[in-house]
Amino acid sequence: MLIPRTGSRVALSLNGCYPHLDAQVGGVVCCAGRSADIKLMHEHDGGAVGRMVGHSDRINALCPVGDQLIASASNDTTVRLWRPAAAEGRAGALCLSELRAHTAPVLALHVHRGLLFSGGADSTTKVKPIP
């Protein structure tokens, strides 16, 4: 597998993952796509580190939340917060919290000044303080 470096991030193109759905947190690259789980890869060589399982439908967005957390948005109408370092070498539900505020798939995420913004196909934007 060829892993070109782009700045300090690894550009990935893997089966089931989309390059625009990746985020680096704590030395781990998180990648999502067609499936409902988040794959974790080592930032230097792209080797599999583990995965985070919890969503029940495809993931539409990933967003770093500080240095140690990542948020994911899914067609299952939820936003989940994860700590990727806790999932290294394991596969399982390591979700720290689940936010249920949308009534349709969640399509976008953004963090600004301690707040997590989510945009959904229900034509709403929700704002939550980051726990």
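The model is predicted, so local features are taken only at pLDDT of at least 70 and side-chain atom pairs only at pLDDT 80 or more, while totals for chains, interfaces and linings use all residues. Residues are numbered from 1 along each chain as its sequence is written, and side-chain values use heavy atoms, with hydrogens and water left out.

Confidence comes before anything else. pLDDT is the predictor's confidence in each residue, from 0 to 100. The average here is 79, and 75% of the residues score at least 70. Residues 1–20 stay under 50. For that stretch the model has 43 contacts beyond four places in sequence, a contact being heavy atoms within 4.5 Å. Where pLDDT is low, the predicted coordinates should not be read in detail.

Now the fold. The protein has 14 strands and zero helices. Both are DSSP runs numbered from the N terminus: helices are H or I of at least four residues, strands are E of at least two. Of the 131 residues, 42% are buried. Buried means under 20% relative accessible area, exposed means over 50%, and partly exposed is in between, with a 1.4 Å probe and protein chains only. The protein exposes about 6500 Å², with carbon and sulfur atoms supplying 52% of it; these areas come from the Shrake-Rupley method with a 1.4 Å probe, and for residues only the protein chains shown count as cover. Among contacts between residues at least 6 apart in sequence, 36% join residues at least 24 apart.

Next, the interior. In soluble globular proteins, nonpolar side chains tend to be buried together. A nonpolar core here is a set of buried Ala, Val, Leu, Ile, Met, Phe, Trp, Tyr and Cys residues joined through side-chain atoms within 4.5 Å. Which residues form the largest core? There are twelve: Val25, Val28, Cys30, Ala32, Ile38, Leu40, Val49, Met52, Ile59, Leu62, Ile70 and Trp82. Strands β4 (28–33), β5 (37–42), β6 (48–53) and β7 (59–65) each give two or more residues to this core, and β4 gives the most, with three. Apart from it lies another core of eleven residues, including Ala71, Leu81, Val106 and Leu109.

On cysteines, the structure holds zero disulfides, a disulfide being a pair of cysteine sulfur atoms within 2.5 Å. Cys31 is buried at 1% relative accessibility, and Cys63 is buried at 9%.

On to charges. Side chains of opposite charge can pair when their charged atoms come close. The structure holds four salt bridges, each defined as a side-chain nitrogen of Lys or Arg within 4 Å of a carboxyl oxygen of Asp or Glu. Asp37, Lys39 and Arg51 are linked in a network of them. Asp37 meets Lys39 at 3.5 Å, N to O, and Arg51 meets Asp37 at 2.9 Å. Arg51 lies in β6 and Asp37 in β5, so this pair ties together parts that are 14 residues apart in sequence.

Another salt bridge joins Glu98 and Arg80, with the closest N and O atoms 2.6 Å apart. Because Glu98 lies in β11 (residues 95–100) and Arg80 in β9, the pair ties together parts that are 18 residues apart in sequence. Glu98 is partly exposed at 33%, whereas Arg80 is buried at 12%.

Two strand residues deserve a word. Ser74 lies in β8 and is buried, with a relative accessible area of 0%. Leaving out residues up to four places away in sequence, Ser74 touches His55, Asp57, Arg58, Ile59, Asn60, Pro105 and Val106. Gly119 sits in β13.

Last, the backbone. Most residues other than glycine have a negative phi, and most peptide bonds are trans. Thr77 has a positive phi of about 75° and is found in the loop between β8 (69–74) and β9 (78–82). Ser123 has a positive phi near 65° and is found in the loop between β13 (115–120) and β14 (125–129). Buried or exposed? Thr77 is buried at 19%, and Ser123 is exposed at 71%.
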